[in-house]
Amino acid sequence: MADAKARLQEIINAYLDKDSDIVVDTSIVASHIAQMKLFGIRQGVEFFPSQDNFGSQRKDFLDRVLKYNKMDTRLDSIWEYFLCDGKGLFYIRPTKNSYRLYYFRSHEYRAYYNVDGELDEVVIIYSYKVRRGPGFSDQINTTNLTGNKSTYSPGAKRYIRLSIRPDQIEETHSDGEMSFDMPTYAITGNTQEFKNSLGFIPCVEILNNPQGFSTEGVGEFDAVANHICTHDELMRTMRKNITFFGNPTLLSSRPKTDLMEAGGDVSIQRPSIAANSGFASPSPMSRSMFKADPVSRSIDGQIRVPRIIANLEPNDRVGYIVPDAITGDQNSFARQYREEIRTALGGVDELSISAGVTATEYKSLFGRVSATSKKKANAIYTHGISRCLELIIYQEEQLFKTTLAAAAGIEKPVELPPNAAQEEEAAYKEAMKQYNDKLKQIMMACIETQMIPPGVMGLIPDGDLTVLWRWLGPVYEDSTQDILNNSIVVRNLQELGVDSIEALKYLFPSKTDEERAEMLSGFPFRMVNELQGAYSAFAKLVGGMMQTPHPQAPDLPMAADPRLDLTPYLYRTLEALQKEMSYAGRYRPIDPTDEPSSGSGGSEQLRGSGAQQLPGSGSSGVSGGYQLPPSSTTGSPQLPISPYSVRPPIPLGNEQQSVGIGVQQGGGSSERTSSIPVPGSTISSADSVRPGELRPASRPSYATIGSADLASQPDVLAQLFPNLLGSILGGRSGSAPVESRNPPRGKRVRR
């Protein structure tokens with residue numbers, strides 16, 4: 001069993017590392033991973049927010065983050081590592097301009113959970129390279145076409161260890177190798193601590209084939225390790241048989257010396273015509289004395305059979321024996337064995353599908369592959385990348401609240417130490433409640449006036465944080481006949497009274513209900529014509545009943561009978577017509593239990609007992625998306641139906657506005673001030689500044705005009721909004737004038 005696991009690991013490493021030096025004869029690992037990637041990635045994956053009411057701010061932001069991380073090119077390696085290792089870890093790290101999304105394999109991290117099943121600490125260890133200095137000898141190892149490596153120095157190898165907690169991040173760089181079993185006091189190197197500005201552990205672990213509710217995953221090929229190794233040995237034996245029995249064998253009754261002669265290096269040479277005529281070159285090294293035998297020319301040195309075998313007697317026998325290198329039973333057994341393993345893995349062997357005779361049956365067999373890859377895709381996309389993007393959006397919304405409070409001059413209460421008294425905690429909660437109430441008033445005023453103060457960064461809180469995903473295209477492209485058949489199904493469903501959005505699922509299965517509703521913004525002339533005809537038929541029927549006497553009461557028309565009342569059908573027809581002409585989106589508030597955990601009090605979020613405060617966040621008791629106050633409250637502005645406009649922050653020269661962490665509460669440097677090297681990269685590091693050491697302090701970008709830190713410039717906000725803050729903080733007793741601007745078209749707030 002141990003040998004099978006070791007051999008399986010060699011086969012997996014040969015595929016992951018693309019190492020051709022390791023001899024692998026089975027193709028099960030490569031074929032299964034390629035099939036899972038084909039059905040799991042297809043033509044690409046698109047991530048989009050489930051709710052995006054303020055134009056497309058969330059979608060544009062997600063596109064920038066994914067493009068910054070080149071996620072479309074890294075999905076293949078993520079799938080390979082996830083399937084082979086059984087689990088993986090996504091790590092979110094804010095940078096100066098965006099968010100970096102890292103992926104680590106199972107041997108590069110350790111995740112520790114608390115009793116509630118939430119991440120309590122994550123430790124990551126990986127290696128990178130550092131240039132030794134500018135010079136000719138400082139070159140990266142390269143390999144030429146002949147396979148010889150250059151003698152240049154590949155750079156010094158170093159190791160980094162990250163210990164991530166909800167409140168701080170410990171970063172250690174060392175020249176010596178570090179491991180997870182090494183005690184903390186034995187770790188040598190340069191260690192620095194940074195404040196975790198996010199307030200929660202920005203890590204998401206994904207599991208492949210989890211065992212129940214445990215936090216351990218199983219590799220794709222671990223359960224069938226013995227079968228894969230047996231198939232590898234079987235294929236190796238068959239390959240050797242082909243090599244050994246591939247050449248035919250000569251069978252003869254004459255001696256071997258009469259039928260075989262040497263060739264190649266021992267080629268027969270004869271005197272040339274020039275040599276027989278007496279011509280010779282003056283140089284002894286270039287004499288043309290002999291010519292090669294045309295029969296034995298270009299022979300590889302092995303013995304050969306002459307073209308003519310002479311002096312045969314009538315009783316001599318000469319012939320070839322062509323042995324069967326691979327028997328039919330052996331080939332059939334190897335094919336069936338490979339097909340059984342692929343079936344056990346949840347896939348289909350494309351080369352030998354015994355159950356697929358027609359094209360329809362062949363395509364139907366891949367339903368098992370699609371179902372298997374869909375489960376893997378949910379683990380990677382839904383519980384992995386989408387969850388990371390939700391945390392990023394949550395942090396951007398917290399950044400918006402923090403910078404808006406700083407722009408309005410609202411001071412946030414100072415966080416309490418861990419051993420604070422009960423009276424101090426009560427006072428802190430009361431102060432946070434007042435802070436949140438003022439922040440809500442400011443946000444509602446910004447929505448009402450459709451203006452945002454300059455310098456406010458982040459994303460506007462917009463309710464539900466859920467990030468969805470979909471494939472950009474199917475594996476099998478639909479033909480025109482398939483599209484026509486689906487459209488006929490949609491039309492038949494509409495004639496049966498099925499809602500148009502539900503009917504369009506058969507024609508556009510990958511689109512959301514919101515997108516289908518937007519697609520129906522055109523004029524449905526067929527439905528309008530049918531509904532108008534139905535209404536006219538009911539109206540004519542009512543008119544006829546008004547003119548026809550009732551059989552039981554000749555002095556009254558038939559329309560006077562309550563049992564023959566057609567008025568509800570007329571209303572029903574008009575309601576259906578109104579529904580077909582007025583599709584719109586829906587606003588969904590955020591689920592408060594979906595907020596990231598700060599490492600403690602996770603169960604209280606589910607119970608709803610008290611307000612939750614995330615360390616480093618900008619609010620307490622406020623969900624990641626802003627929840628509007630009740631409509632019964634007087635004096636508080638409500639969400640308008642008019643379009644909403646967002647002014648971009650004032651640009652700082654030629655520099656781009658940072659979308660990372662802009663305003664930090666409290667002292668100490670955060671993790672964004674120190675960039676970590678990408679795994680497997682080679683970085684340039686000067687001797688004066690070692691990896692992990694902070695650069696010389698410079699003036700932050702937000703200390704200029706248009707900054708969110710307006711505490712040092714209190715008169716700027718008063719000049720920009722002379723009536724806004726007074727009407728909010730001083731009470732909204734009168735109708736104080738406020739600034740407004742006409743919003744652009746096409747951006748509406750949905751309810």
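Contact here means heavy atoms within 4.5 Å. The structure is a predicted model, in which local features need pLDDT of at least 70 and side-chain atom pairs count only at pLDDT 80 or more, while totals for chains, interfaces and linings use all residues. Residues are numbered from 1 along each chain as its sequence is written, and side-chain values use heavy atoms, with hydrogens and water left out.

**View A. The largest nonpolar core and Leu-389.** A nonpolar core is a set of buried Ala, Val, Leu, Ile, Met, Phe, Trp, Tyr and Cys residues joined through side-chain atoms within 4.5 Å. Buried denotes under 20% relative accessible area, exposed over 50%, and partly exposed in between (1.4 Å probe, protein chains only). The largest such core has 61 residues, and those with the most contacts inside it include Phe-47, Tyr-381 and Leu-389. Its largest share, 13 residues, comes from H9. Helices (H or I, at least four residues) and strands (E, at least two) are DSSP runs, numbered from the N terminus. With residues up to four places away in sequence not counted, Leu-389 touches Phe-47, Leu-62, Val-65, Leu-66 and Val-467. A second, separate core of 18 residues includes Phe-104, Tyr-109, Val-130 and Ile-164.

View B. Thr-372 is in helix H9 (residues 359-408) and is buried, at 9% relative accessibility. Apart from residues up to four places away in sequence, Thr-372 touches Met-36, Leu-345 and Gly-346. Val-224 lies in the loop between strand S9 (203-207) and helix H5 (225-245) and is buried, with a relative accessible area of 12%. Neighbours within four places in sequence aside, Val-224 is in contact with Ala-344 and Leu-345. The C-alpha atoms of Val-224 and Ala-4 are separated by 9.6 Å, although these residues are 220 residues apart along the chain.

**View C. The salt bridge between Lys-376 and Glu-220.** A salt bridge is a side-chain nitrogen of Lys or Arg within 4 Å of a carboxyl oxygen of Asp or Glu. The whole structure contains 28 salt bridges. In the pair formed by Lys-376 and Glu-220, the closest N and O atoms are 3.0 Å apart. This pair links distant parts of the chain, with Lys-376 in helix H9 and Glu-220 in the loop between S9 and H5, 156 residues apart. Lys-376 is buried at 5% relative accessibility, and Glu-220 is buried with a relative accessible area of 6%.

**View D. The salt bridge between Arg-563 and Asp-561.** The closest N and O atoms of Arg-563 and Asp-561 are 3.7 Å apart. Arg-563 is exposed, with a relative accessible area of 70%, whereas Asp-561 is buried, with a relative accessible area of 11%.

**View E. Cys-388 and its closest cysteine sulfur.** A disulfide is a pair of cysteine sulfur atoms within 2.5 Å, and a search of the whole structure finds zero disulfides. The sulfur of Cys-388 is 8.5 Å from the closest cysteine sulfur, in Cys-203, and is therefore too far for a bond. Cys-388 is buried, with a relative accessible area of 0%.

**View F. Backbone angles of Lys-70 and Gln-450.** Lys-70, in the loop between helix H3 (57-68) and helix H4 (71-85), has a positive phi near 50° in a residue other than glycine. Gln-450 is not a glycine either, yet has a positive phi of about 55°. Gln-450 lies in the loop between helix H10 (422-449) and strand S14 (467-471).
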